[in-house]
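I opened my notebook to get to know a new structure. Here is what I looked up, entry by entry.

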Amino acid sequence: MKLLGEWKALGAAAGGRMVLAAVRALPELTRRHVSRKPLLPEEIDGSLVTAAWKRPVFASPGLPKGSVDRDAYVLCVLEGLFRGASGARRVRRAVAAVGRPARICWTARRGR
């Protein structure tokens, strides 16, 4: 987990920086004994919790009232990391595929 927090590929976009900050906090969260000290909503970045993860993270049965499911939040953050990484790969592939023909067409118009 610690190495994921040092990954610089997500630092380009604002959303990537938010996910990266949450990933950097994951090692501390995974070491936490939530049975002794429950995780509170103020201690996580709730903006990263997507609609599909809201119920598992915030309303998981068996948790004390007002606490957050740490394990569900960790998976939610890791899913955000995966989405960001796969999106970055798709953008790089699209730029590589489109970039060359565009340069060739541009130089052909200039007569070079």
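I began with burial: 28% of the chain's 112 residues count as buried, where buried means under 20% relative accessible area, exposed over 50% and partly exposed in between, with a 1.4 Å probe and protein chains only. I noted that this is a predicted model, in which local features need pLDDT of at least 70 and side-chain atom pairs count only at pLDDT 80 or more, while totals for chains, interfaces and linings use all residues. Residues are numbered from 1 along each chain as its sequence is written, and side-chain values use heavy atoms, with hydrogens and water left out.

Next I looked up the secondary structure and found 4 helices and 0 strands (DSSP runs numbered from the N terminus: helices are H or I, at least four residues; strands are E, at least two).

Then I picked valine 23, which sits in helix α2 (residues 14–31). Why does valine 23 count as buried? Because its relative accessibility is 0%. I also checked valine 23 against valine 77: they are 54 residues apart in sequence, and their C-alpha atoms are 6.7 Å apart in space.

My last stop was serine 60, in the loop between α3 (51–58) and α4 (70–110). Setting aside neighbours within four places in sequence, I found serine 60 in contact with Arg55 and Asp69 (contact means heavy atoms within 4.5 Å). The side chains of serine 60 and aspartate 69 are joined by a polar contact of 3.3 Å; that term means a pair of N or O atoms within 3.5 Å, where within protein one must be able to donate a hydrogen and the other to accept it, and residues adjacent in sequence count only if both atoms are side-chain atoms.
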